[in-house]
Amino acid sequence: MNPTSGSAYDCSTPVKAMPKVQKDKAEIQILVVEDDKKTASLIALYLEREGFKILSAGNGEQALEMASRHQPDFVILDLMLPKLDGVEVCRRLRSRSDVPILMLTAKDEELDRVLGFTLGADDYVSKPFSPRELVARIKAILRRARPAPLKRGTLLSYGELSLDPEKHRVTLGGEPLPLTLSEYKLLHALMAAPGKVFSREELLNRLYPAGEAVIDRVVDVHIGKLRQKIEKNPAEPKRILTVRGIGYQFAEKG
């Protein structure tokens with residue numbers, strides 16, 4: 001499981017979401033969940049050189065306990081873990097938090113990539129990987145997690161669904177709606193331009209402005225998860241509409 005040079009791309013007590021205010025690197029805590037000690041030590045070495053604070057967990061159960069106790073700002077999560085595998089850890093973390101998650105896996109098949117994104121992972125890297133590239137991807141995710149400057153008072157709404165860009169907050173029927181970072185970015189882009197047809201490529205660019213190589217099916221996965229959260233009947237969506245052969249659009253108000 002020792003990482004080497006290679007290509008990669010972009011996966012009780014509540015866990016803290018990624019903060020809305022930019023932190024100094026020394027204040028950012030990254031939880032590294034990896035059972036291979038050599039791999040974990042190498043990742044920690046490169047991240048500490050960049051000034052990040054590192055927490056380490058060697059199995060899935062320990063990862064969840066440390067996430068609840070320390071509330072990390074970022075999680076690096078190995079897929080193959082003892083006691084509780086990375087898939088289940090990701091599922092449980094994402095059910096109560098939008099903390100950025102990057103999954104590590106020794107596998108390089110589309111099924112594993114799609115599974116990670118379906119569970120709410122923000123990115124993934126296949127082993128073997130370059131530690132420098134891993135650090136670069138973490139920095140990119142942290143940059144994307146910072147809200148862009150927005151005009152005050154810009155509230156987007158459609159029926160009972162509201163999105164407040166200034167507060168980085170989404171509500172449905174007046175109740176807060178927990179979304180992952182990717183889900184929020186897609187919903188914001190679509191709601192800001194009702195009726196506009198977005199291609200999958202356009203939406204991918206909203207998610208990965210640095211041009212990371214990802215499969216366009218990732219957009220479909222995130223849209224499917226969004227529909228589960230905002231549509232009364234996800235099988236017959238009224239808000240996020242599919243434009244066959246092109247992509248998606250948000251419905252215009254009648």
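Helix H6 contributes the most to the lining of the second largest cavity, with three residues. Helices here are DSSP runs of H or I with at least four residues, strands are E runs of at least two, and both are numbered from the N terminus. A cavity is a set of points on a 1 Å grid over the protein atoms alone where a 1.4 Å probe fits but cannot get out, and lining residues have an atom within 4 Å of a point.

Before we go on, this is a predicted model: local features need pLDDT of at least 70 and side-chain atom pairs count only at pLDDT 80 or more, while totals for chains, interfaces and linings use all residues. Residues are numbered from 1 along each chain as its sequence is written, and side-chain values use heavy atoms, leaving out hydrogens and water.

Which residues line the second largest cavity? They are Asp 122, Ile 141, Arg 144, Leu 181, Ser 182, Lys 185, Leu 207 and Tyr 208. Four of the lining residues are nonpolar, one is polar and three are charged. Helix H5 (131-145) and helix H6 (181-191) each supply at least two of the lining residues.

## Helix H6, wrapped up

Let's stay with H6. Because 10 of its 11 residues are buried, H6 is largely enclosed by the rest of the structure. Buried means under 20% relative accessible area, using a 1.4 Å probe and protein chains only. Among the buried residues of H6 are Leu 181, Ser 182, Leu 187, Leu 190 and Met 191.

## The largest nonpolar core

A nonpolar core is a set of buried Ala, Val, Leu, Ile, Met, Phe, Trp, Tyr and Cys residues joined through side-chain atoms within 4.5 Å. The largest one has 28 residues, and Leu 161, Val 170, Leu 187, Leu 190, Met 191, Ile 240 and Phe 250 touch the most other members. Helix H8 (217-230) is one of the elements that supply at least two residues of this core, and H8 gives the most, with six.

## Rings that meet

How many aromatic pairs does a search of the whole structure find? There is one. Tyr 158 and Phe 250 sit edge-to-face, 5.4 Å centre to centre with 90° between the planes. Rings pair if their centres lie within 6.5 Å, and planes over 60 degrees apart count as edge-to-face. Tyr 158 belongs to strand E6 (residues 156-158) and Phe 250 to strand E12 (residues 247-250), 92 residues apart. Both Tyr 158 and Phe 250 are buried.

Technical notes. On a 1 Å grid over the protein atoms alone, a cavity is a set of points where a 1.4 Å probe fits but cannot get out, and a pocket is an open set with protein on both sides within 12 Å along at least five of seven lines; lining residues have an atom within 4 Å of a point. Ala, Val, Leu, Ile, Met, Phe, Trp, Tyr, Cys and Pro count as nonpolar, Asp, Glu, Lys and Arg as charged, and the others, Gly among them, as polar. Rings of Phe, Tyr and Trp (its six-membered ring) pair if their centres lie within 6.5 Å; planes under 30 degrees apart count as stacked, over 60 as edge-to-face and the rest as tilted. Buried means under 20% relative accessible area, exposed over 50%, partly exposed in between (1.4 Å probe, protein chains only).
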